[in-house]
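User: I've got this one open and want a quick walk through how it's put together. Can we go piece by piece?

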Amino acid sequence: MPFLDLSKFTKLKDVVFGCTGPDIRRTTMTLQTAESINLEKITIRSPRKPILESAYREWQDLDRLLLQFWTSRSIRPRIGYKDREEGRELRYLVPRMLPELTSRGIVDLVEYN
Amino acid sequence: MPSPLPPEILDLIVDFLHDEPDALKACCLVSKSWVYRTREHLFAHVEFTLKSHIKLWKEKFPEPSNSPARRTRSLSIRRFPVVTFVDMGVGGWIRTFSGIVRLHVDIRGFGGGRKISLVPLYGLSPTLRFLRLDYGSSAPTSEIFSFVCSFPLLEDLALVSLGGNSEVDGWNVPSTSPKLTGCLDLRMLGGIRPVVRRLSELPSGLRFSKISVACLKEDVESMMGLMSKCSDTLESLSIYYYIVGAVFLSAFVVGQYLSATFEPSRA
């Protein structure tokens with residue numbers, strides 16, 4: 001699965017990923033390469049399609065990685081939604097998608113266009 | 001009767017009303033001395049969508065030297081071929097918008113097999129900072145980039161393409177290209193490769209600080225190539241991958257919309 005290598009981009013402060021179900025692994029792999037010491041913001045835009053049961057495991061890999069970003073570099077991840085309705089749905093979905101981050105209260109839901 | 005307030009104070013008062021068009025229109029009727037500053041705000045953004053718009057503009061402002069076009073900061077031209085066709089008929093009025101800093105041109109859904117030329121808008125404003133172009137397969141990528149290169153101070157570039165990007169070999173690369181230090185926004189249903197190829201050929205290189213790309217998963221390699229060109233300056237990155245099924249659905253829906261709203265015989 002081809003993915004972006006962010007290791008060369010040392011000035012990167014802000015990354016946003018638009019995630020569709022099958023792409024979440026690609027997002028995790030890309031984020032693993034982010035070494036910029038300037039990185040301040042990570043935003044994942046909410047998936048537009050329902051998440052399949054099998055995809056939750058992949059979300060949990062992302063959950064662990066984002067937790068590492070929080071513990072090692074104090075980067076608080078954000079989940080972006082398009083409108084209020086999507087925001088309401090996300091409140092139920094996020095605890096299943098990102099259980100560890102949710103239980104520690106270190107994920108923010110933000111309106112993002 | 002001369003105003004008891006100095007003109008700079010009056011200008012300041014009018015500036016406070018910049019987002020209240022009704023109040024601005026009322027100000028225009030107060031005195032001739034108020035008109036100049038009020039028009040700066042009333043005509044800050046102008047949009048031409050229908051051929052009637054440009055005819056109406058010519059009717060209201062018959063004298064180019066008195067036209068508020070020079071005060072316009074942001075110009076939007078939808079249905080570009082229709083508007084430029086009418087514009088030629090009324091003496092090339094679009095060129096009076098020579099002080100704009102933002103330009104949005106939409107040429108989607110036109111051409112009918114013929115290639116559209118953007119020459120009527122080349123170098124429209126030497127101070128242009130932001131350009132957004134919505135196009136399909138009717139404009140070759142080389143034509144798009146010749147157009148881009150006609151704006152020496154351009155910083156932000158947004159290219160939105162619903163169709164495939166048509167490439168024409170043998171592009172005469174201009175000797176200079178814009179600064180391109182701001183934001184690059186690419187939304188390409190047909191893939192970003194031809195656009196990245198042209199961007200890479202620009203003689204002044206790329207120094208974007210922000211890149212936002214919506215593309216196909218197959219574009220990862222092109223995307224890396226593009227980002228590498230800006231590795232010293234890139235601070236913000238946004239990526240969205242289209243789902244192939246959704247691509248065809250959106251293209252179909254937009255195609256239906258355009259064919260329902262545009263009747264070539266009337267153009």
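User: In what order do the strands of the open sheet come?

Analyst: This is a predicted model, to start with. Twelve strands make up the open sheet, in the order β4(A)-β3(A)-β2(A)-β1(A)-β8(B)-β7(B)-β6(B)-β5(B)-β4(B)-β3(B)-β2(B)-β1(B). The pairing is parallel.

User: Which are the edge strands?

Analyst: β4 (108–111) of chain A and β1 (45–48) of chain B. Each of them pairs on one side only.

User: And how much does the twist average from one strand to the next?

Analyst: It averages 10°.

User: What holds paired strands together, in general?

Analyst: Strands of a sheet pair through backbone hydrogen bonds, in a parallel or an antiparallel way.

User: What is the bridge partner of V16(A) in β8(B)?

Analyst: S238(B) is the partner of V16(A). Also in β8(B), I239(B) stands opposite F17(A).

User: Which residues are on the covered face of β8(B), and which on the uncovered one?

Analyst: L237(B), I239(B) and Y241(B) are on the covered face. S236(B), S238(B) and Y240(B) are on the uncovered one.

User: How many bridges join β7(B) to β8(B)?

Analyst: Six, and the strands run parallel. C215(B) has Y241(B) of β8(B) as its bridge partner.

User: One step further in. How do β6(B) and β7(B) pair?

Analyst: In the parallel sense, over five bridges. β6(B) covers residues 183–188 and β7(B) covers 210–215. L184(B) stands opposite I211(B) of β7(B).

User: Zoom out to the interface. How many residues of chain B are in contact with chain A?

Analyst: 17 residues of chain B, and they touch 16 residues of chain A. On the chain B side, the elements giving two or more residues are α8 (220–229) and β8 (236–241). By class, that side has ten nonpolar, five polar and two charged residues.

User: What about chain B as a whole, how many helices and strands?

Analyst: Nine helices and eight strands. Chain B has 267 residues, and 34% of them are buried.

User: What share of its contacts join residues at least 24 apart?

Analyst: 81%, counting contacts in chain B between residues at least 6 apart in sequence.

User: Over to β3(B). Which of its residues are on the covered face?

Analyst: L103(B) and V105(B). The uncovered face has R102(B), H104(B) and D106(B). β3(B) spans residues 102–106.

User: And what does V105(B) stand opposite?

Analyst: I77(B). Strand β2 of chain B, residues 74–77, is joined to β3(B) by four bridges, and the two run parallel. With β4(B), residues 130–135, β3(B) makes five bridges, in the parallel sense. There L103(B) is opposite L131(B).

User: Helices now. At what angle do α2(B) and α3(B) pack?

Analyst: About 155°, with the axes 9 Å apart. That makes α2(B) roughly antiparallel to α3(B). The crossing is left-handed.

User: Which residues make the contact?

Analyst: From α2(B), P21(B), L24(B), C27(B) and C28(B). From α3(B), W34(B), V35(B), T38(B), H41(B) and L42(B). They divide into seven nonpolar, two polar and no charged.

User: How do the axes of α6(B) and α7(B) cross?

Analyst: At roughly 40°, coming within 10 Å. That makes α6(B) oblique to α7(B). This crossing is right-handed. T141(B), S142(B) and F145(B) of α6(B) meet P194(B), V195(B) and R198(B) of α7(B). By class, three are nonpolar, two polar and one charged.

User: Last one. R26(A) is an arginine; buried or exposed?

Analyst: Buried, because R26(A) has 21 C-beta neighbours inside 10 Å and the cut-off is 20 or more. R26(A) is in helix α1 of chain A, residues 24–32. P2(A) is 24 residues away along the chain, yet the two C-alpha atoms are separated by 7.5 Å.

Notes: Residues are numbered from 1 along each chain as its sequence is written. Chains are lettered from A and ligands numbered from 1 in the order in which they are written. This is a predicted model: local features need pLDDT of at least 70, side-chain atom pairs count only at pLDDT 80 or more; totals for chains, interfaces and linings use all residues. Two residues are in contact if their C-beta atoms, placed from the backbone, lie within 7 Å. Ala, Val, Leu, Ile, Met, Phe, Trp, Tyr, Cys and Pro count as nonpolar, Asp, Glu, Lys and Arg as charged, and the others, Gly among them, as polar. Two strands pair if DSSP finds at least two bridges between them. Axes are lines fitted to C-alpha atoms, for helices over the stretch in contact, and angles run from 0 to 180 degrees between N-to-C directions. Angles under 35 degrees count as roughly parallel, over 145 as roughly antiparallel, 65 to 115 as roughly perpendicular and the rest as oblique. A crossing is left-handed if the near helix is turned anticlockwise from the far one by less than a right angle, and right-handed if clockwise. A residue is buried if 20 or more other C-beta atoms lie within 10 Å of its own, exposed if 12 or fewer, and partly exposed in between; C-beta atoms are placed from the backbone.
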